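Biologist: I would like to learn how to read a model like this one, a feature at a time. Where do we start?

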Amino acid sequence: MYWILLTYILPILLFEATLFVPVQGSTQTFLNGPTPADDYHEDLAPNWRLDIPSHPNTTGRLVFETASSLLQHWPNTRYRNGHTIVPGIIRPGTLLYHGTFNSEIPDTPDWTATDPEHSLVFCRGSIEAGCWHLTLAATRPLRVLYFDGNSGAKIEGEAGGTMDSQDIIIWGEPRPDKAWNERERLDKLCAWGKQYELDGFVRQQMDFEVMICDFSAGLEVVSFANLASLRLAPPPFTENSTKDERLMLRAMEMLRASSWHHRYPGETRVQLDLSRLISFYDTSLFPSLISQRAGQERWDHRLLGLSVDDRTTLMSRLDEVLTAREQDNSDIDWITLLRVIIERHADRLELLQELLEEAKSTLDLTKLQQTAHTIQLELRVMVTAYALRIAVPPNASMLHEDWNSWAAPVFKECSIAHTAFMQSRLLTRLTPSERLLLGAVQETTREICRVVVGMWAEGVKTGFDIDLWIGARSEAPSITVTRMILDEWSTAINGLMAWLDWNIWVKCKPPCNSLERCHIPTWPFGFPHRVSEELMHEPSVLDRLTYSFQEANSTDWRRPQPKCIRRVHPYDGF
């Protein structure tokens with residue numbers, strides 16, 4: 001009896017209660033009294049028509065996804081060609097690590113890691129002398145600039161693009177031929193950033209790294225430990241030496257450390273200011289890239305073809321955001337807002353997808369109708385907070401081609417729920433970057449609501465929602481009609497989820513067991529890698545790791561897909 005109450009009766013009572021509450025619109029509208037129905041219909045065509053999807057050239061969803069993925073290892077490994085530059089700070093007391101072969105603190109720009117498991121890979125020296133591992137602490141807020149994507153990966157040729165945004169700043173154009181010119185790149189970035197008092201640059205390599213311009217400014221030595229060097233078998237490489245257990249252990253621990261930052265909140269030791277974000281998906285700033293992306297999958301998005309004028313715009317915007325006072329913004333917590341949208345919809349959309357996929361193999365009419373009612377109930381739950389009392393469907397005798405237009409007020413209310421107040425009350429306080437983020441949220445929620453409300457309205461029309469809209473149809477839909485609607489819904493949900501392309505849905509299926517970790521191909525393991533004759537004779541630890549993990553003719557790195565790998569010895573699955 002209780003399960004009947006919880007499963008069917010309570011949701012219906014709660015939903016019907018919302019339909020008859022005299023609150024219509026936003027909190028501000030409620031305080032001023034009910035809004036006439038006409039207010040909701042005055043702009044329904046074409047802005048709130050359920051049959052008009054977002055334009056294919058819009059980039060709001062891409063701004064949304066990249067902004068919600070900042071400093072997260074998983075999404076930036078999957079889509080390694082970054083399109084976002086964001087100022088940030090590293091707060092006092094934060095530790096940074098630097099591995100080296102000698103006992104001298106760098107007196108020129110150099111690299112540090114946010115995790116010691118990463119810097120230990122570079123702690124190398126002779127067996128007799130050992131290696132040196134430097135731990136530093138920030139003594140004041142360090143001003144940094146973050147490049148998203150796998151921006152520390154050195155990939156040459158046409159497959160490159162990870163360093164495009166850095167190259168454009170210092171060379172005026174992407175230079176994949178300079179993928180390995182890291183010393184020159186760092187020196188030039190620091191020389192350029194000096195005018196803005198930048199202390200360094202944050203990138204994602206195998207894990208996150210901070211490129212420090214001056215080790216004597218804002219940093220203090222915590223320790224400088226002389227550690228035992230990793231013992232490696234001498235070249236030439238052999239079957240035994242390339243699978244050295246200690247080498248693999250260090251590599252796997254580095255991957256373990258990077259996995260700590262796979263998902264939200266990501267690398268929290270760097271704090272970004274999204275009110276000063278610059279996105280190359282901002283078509284108003286960088287129109288020359290629109291045609292360059294046409295017809296391309298996101299894997300292949302590059303900054304090649306950026307016009308001279310757009311490069312000038314970039315440098316001007318960088319000057320603006322790096323000289324702006326940090327308090328000159330709306331104080332909106334954009335990261336939290338983006339997470340709210342994702343958390344509100346990601347799990348429910350995935351559930352709908354799974355229910356619809358399961359329905360494809362259902363042959364029994366009764367079971368199929370039960371599945372349709374279950375899905376309709378899920379849709380009803382998703383629109384409950386937006387189902388205004390004025391949104392009432394016509395009865396069966398009034399069916400016509402535009403029958404679902406009655407649900408347009410629900411579509412609108414759902415779409416603007418998270419942004420109406422900002423649009424009406426905070427718009428003048430938003431920075432250009434915040435206006436971009438606002439537009440990205442609006443575009444994203446609009447398409448989610450268009451699809452979900454459209455499915456719900458179609459379910460009402462078909463008769464799936466008979467508990468709520470008794471009389472919409474006089475008889476239950478046939479198996480043919482039911483199957484057709486469910487197939488249409490499946491196409492709609494799959495299309496929406498592909499359009500959104502949220503990284504939260506990219507995971508190992510089936511889930512990995514307790515001795516495995518879900519892994520996505522990470523540079524340099526398995527990537528084409530240049531190993532010179534000089535390095536072959538005196539290989540660094542990193543070069544040996546790359547050589548060890550690289551698979552002949554592997555192309556997994558081009559379209560990285562998640563897979564389970566063992567996280568304990570013996571390691572396999574790469």
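Modeller: Start with two helices that meet: α7 passes α8 in a left-handed crossing. A crossing is left-handed if the near helix is turned anticlockwise from the far one by less than a right angle, and right-handed if clockwise. Helices (H or I, at least four residues) and strands (E, at least two) are DSSP runs, numbered from the N terminus. This is a predicted model, in which local features need pLDDT of at least 70 and side-chain atom pairs count only at pLDDT 80 or more, while totals for chains, interfaces and linings use all residues. Residues are numbered from 1 along each chain as its sequence is written, and side-chain values use heavy atoms, with hydrogens and water left out.

Biologist: At what angle do α7 and α8 pack?

Modeller: An angle is taken between axes, which are lines fitted to C-alpha atoms, for helices over the stretch in contact, and runs from 0 to 180 degrees between N-to-C directions. For α7 and α8 the angle is about 60°, and the axes are 10 Å apart. Under 35 degrees counts as roughly parallel, over 145 as roughly antiparallel, 65 to 115 as roughly perpendicular and the rest as oblique. The two helices are therefore oblique to each other.

Biologist: Which residues in α7 and α8 meet?

Modeller: Contact means heavy atoms within 4.5 Å. From α7 come Gln166, Asp167, Ile169, Ile170 and Trp171, and they meet Glu184, Arg185, Lys188, Leu189 and Trp192 of α8. By class, that contact has 5 nonpolar, 1 polar and 4 charged residues. Ala, Val, Leu, Ile, Met, Phe, Trp, Tyr, Cys and Pro count as nonpolar, Asp, Glu, Lys and Arg as charged, and the others, Gly among them, as polar.

Biologist: How do the axes of α7 and α11 cross?

Modeller: At roughly 90°, and the axes of α7 (residues 164–171) and α11 (residues 308–323) come within 10 Å. This pair is therefore roughly perpendicular. Ile168, Ile169 and Ile170 in α7 meet Arg311, Leu314, Met315 and Leu318 in α11. The contact divides into 6 nonpolar, no polar and 1 charged residues.

Biologist: How far apart are the axes of α12 and α16, and at what angle do they pack?

Modeller: The axes of α12 (residues 334–359) and α16 (residues 432–462) are 12 Å apart, and the angle is about 25°. That makes α12 roughly parallel to α16. Their crossing is left-handed. On the α12 side the contact includes Trp334, Leu337 and His345, and on the α16 side Glu434, Thr445 and Met455 are among the residues. This contact has 12 nonpolar, 2 polar and 1 charged residues.

Biologist: Now the backbone. Which residues does a cis peptide bond join?

Modeller: One joins Tyr264 and Pro265, with omega about 10°. Pro265 is in the loop between α9 (245–259) and β9 (271–272). Another joins Lys509 and Pro510, with omega about 0°, and Pro510 is in the loop between α17 (479–500) and β11 (516–519).

Biologist: Asp501 lies in that loop between α17 and β11 too. Is Asp501 buried or exposed?

Modeller: Buried means under 20% relative accessible area, exposed over 50%, and partly exposed in between (1.4 Å probe, protein chains only). At 17%, Asp501 counts as buried. Its phi is near 55°, a positive value in a residue other than glycine. Glu197, in the loop between α8 (182–193) and β6 (200–204), also has phi near 55°. Glu197 is exposed, at 58%.

Biologist: What does Ala257 touch?

Modeller: Ala257 is in helix α9 and counts as buried at 0% relative accessibility. Leaving out residues up to four places away in sequence, Ala257 touches Asp115, Glu117 and Asp207. Its C-alpha atom is 9.6 Å from that of Thr114, which is 143 residues away along the chain.

Biologist: How many helices, strands and buried residues does the chain have?

Modeller: The chain has 19 helices and 12 strands. Of its 574 residues, 52% are buried. Among contacts between residues at least 6 apart in sequence, 79% join residues at least 24 apart.

Biologist: Where is the pLDDT below 50?

Modeller: pLDDT is the predictor's confidence in each residue, from 0 to 100. The chain averages 85, and 80% of the residues score at least 70. Over residues 1–45 the pLDDT is below 50, although this stretch has 55 contacts beyond near neighbours in sequence. Residues 547–553 also stay under 50, with 15 contacts beyond four places in sequence. Where pLDDT is low, the predicted coordinates should not be read in detail.
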